[in-house]
Amino acid sequence: MAAAAGGGGGGSVAARSSPAAVQATNDDAVASKLSCVNKGYMKDDYVHFFKLKMIGNSNLFSFPNDSEGYYARWSVLRKLMRQFLNSGNGSNDQKRKQILSLGAGFDTTFFQLQGEGITPYLYVELDFKEVTSKKAAIINHYSEMKEKLGPEASISIEKGEVTSEHYKLFSADIRDIPKLDSVIHMAEMNPSLPTFIIAECVLIYLDPTSISAIVSWASDKFSTAISFLYEQIHPDDAFGEQMIIILEVPSFIHKEKLFLDHGWKRAAAWDMLKIYNDFINSEERHRIERLELFDEFEEWHMMQEHYCVAYGINDAEGLFDDFGFKD
Ligand SMILES: C[S@@+](CC[C@H](N)C(=O)[O-])C[C@H]1O[C@@H](n2cnc3c(N)ncnc32)[C@H](O)[C@@H]1O
């Protein structure tokens, strides 16, 4: 299976048709992240615990300067998440904020936020049971992770569940909307609290009806929320075809429209080239460009234009006036 730019998230036709292949895309995401961490692009003290699941990726197709792409993906999510956590007036405002990650895979953001002292009130992750069971087993195995959950934590590898004061992991097929309702209830999420919903390289594996249903559900449920998505766009030109063929929601304008058509009050979308040039901190850009030979600019630029970040905003509490992309 081909890896996508920025690592593990293209959504090949094979991956869309087989649950096992969809779940395996998560291994590609870990492989890309681990390679970036090892080369010094960013810090993640936990991702290496997941590397034992990555055997068998020797046929990964790698795009030029993939690490810069992955770094940009990581950095934009972190920057927007920080904006969300810092929004509002109180200095301790993240204490009443929630994060919901759909198709979280082996992402370790919760553990990193904890290390940085900016843990939100609640961080909930959902994925298929096959994935959450493996994740629960790894969290259970490594004290560095388990200790972060506090003494009240309970871990069931069989059910693929972790419950602790601030972090919860549950299995769910996110296409099953009644299950989404029951799982956020089980996770004790409070729909009236400010919530950041992440779908990073996930919706691409779903059919358009399911995507619409999930985006509408999130908007109906959370009145003060940001819905973040990172996806591939422009699949219909030659470069897009070389990567993966997907026919629906083909440009970033469509991604904005996806939110606005399904209940979100505001929305924005930028491609990753614009994000890299105009949103990622310029000092960081210069730092990472010195880490490896940064060549094949033309192809890299083209590749970045094939990925985008979009977000929808519901702002009943008036917290998010300053949220979002800024030149
Ligand atoms: C490419 S990985 C991305 C993982 C993580 N979001 C990241 O960016 O590192 C896609 C993830 O979405 C999950 N996924 C895809 N379809 C799903 C569904 N219908 N329900 C739950 N999880 C799903 C897969 O199991 C996989 O872990």
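**Pocket notes**

I began with the second largest pocket, which has a volume of about 190 Å³. For the record, a pocket is an open set of points on a 1 Å grid over the protein atoms alone, where a 1.4 Å probe fits, with protein on both sides within 12 Å along at least five of seven lines; lining residues have an atom within 4 Å of a point. Points are joined across faces, edges and corners, and a volume is the space filled by probe spheres set on them.

I keep in mind that this is a predicted model: local features need pLDDT of at least 70, side-chain atom pairs count only at pLDDT 80 or more, and totals for chains, interfaces and linings use all residues. Residues are numbered from 1 along each chain as its sequence is written, and side-chain values use heavy atoms, without hydrogens and water.

I looked up the lining of this second pocket and found Tyr-71, Trp-74, Arg-78 and Glu-284 among the residues there. α3 gives the largest share, six residues. By class I get four nonpolar, two polar and six charged (Ala, Val, Leu, Ile, Met, Phe, Trp, Tyr, Cys and Pro are nonpolar, Asp, Glu, Lys and Arg charged, the others, Gly among them, polar).

Next I checked the largest pocket, at about 530 Å³. Of its 35 lining residues, Gly-103, Asp-127, Cys-201, Val-202 and Tyr-205 are the closest to the centre. Here α2 gives the most, eight residues (helices are DSSP runs of H or I, at least four residues, numbered from the N terminus). I noted 17 nonpolar, nine polar and nine charged residues in this lining.

Note on methods:
Helices (H or I, at least four residues) and strands (E, at least two) are DSSP runs, numbered from the N terminus.
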